[in-house]
Amino acid sequence: MLTLAADIEVLARFGRALADPIRCRILLTLREAPAYPADLAEALQISRTRLSNHLACLRDCGLVVTVPDGRRSRYELADERLGHALDDLRAAVVAVDADRTCPDADEKGCC
């Protein structure tokens, strides 16, 4: 059983990973299937250097792993449940967003 401090650390790492749109795109792409860095860079239309930095962050956060494949390595989600978590989180945020009741939400950024 995790302690509150460990729970907070886990959620903070997940939040750090999701804080950047490119890392979100990488996670969503890997949710569909494992991929090689060159293919990810091409699919996301970013440089390999930039991709490498984001993959390092996602590895440090414990969300992706490298799998040796001959002389190459491919990336995949560290656990298949992460794909489900991403789907659930997206669905929850969309549901909450659709249910905003504050008339000033768009103007003030609240709710």
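A search of the whole structure finds zero disulfides, a disulfide being a pair of cysteine sulfur atoms within 2.5 Å. This is a predicted model: local features need pLDDT of at least 70, side-chain atom pairs count only at pLDDT 80 or more, and totals for chains, interfaces and linings use all residues. Residues are numbered from 1 along each chain as its sequence is written, and side-chain values use heavy atoms, without hydrogens or water.

- Cys57 is in no disulfide; its nearest cysteine sulfur belongs to Cys61, 4.1 Å away.
- Cys57 counts as buried because its relative accessibility is 14%. Buried means under 20% relative accessible area, exposed over 50%, and partly exposed in between (1.4 Å probe, protein chains only).
- Cys61 also counts as buried, at 3% relative accessibility.

**Largest pocket**

- The volume of the largest pocket is about 230 Å³.
- A pocket is an open set of points on a 1 Å grid over the protein atoms alone, where a 1.4 Å probe fits, with protein on both sides within 12 Å along at least five of seven lines. Lining residues have an atom within 4 Å of a point.
- Grid points are joined across faces, edges and corners, and the volume is the space filled by probe spheres set on the points.
- The lining includes Val10, Phe14, Cys61, Asp79 and Arg81.
- Elements giving two or more residues to this lining are α1 (4-18) and α5 (80-98). α1 gives the most, with four residues.
- Helices (H or I, at least four residues) and strands (E, at least two) are DSSP runs, numbered from the N terminus.
- By class, the lining has seven nonpolar, one polar and three charged residues. Ala, Val, Leu, Ile, Met, Phe, Trp, Tyr, Cys and Pro count as nonpolar; Asp, Glu, Lys and Arg as charged; the others, Gly among them, as polar.

**Nonpolar core**

- The largest nonpolar core has 22 residues. Such a core is a set of buried Ala, Val, Leu, Ile, Met, Phe, Trp, Tyr and Cys residues joined through side-chain atoms within 4.5 Å.
- Among those with the most contacts inside the core are Ile26, Leu30, Leu58 and Val64.
- Leu30 touches Ala35, Leu40, Val64, Tyr75, Glu76 and Leu77 (heavy atoms within 4.5 Å), not counting residues up to four places away in sequence.

**Backbone**

- Gln45 lies in the loop between α3 and α4.
- Gln45 has a positive phi of about 55°, although it is not a glycine.
- Gln45 is exposed, with a relative accessible area of 72%.
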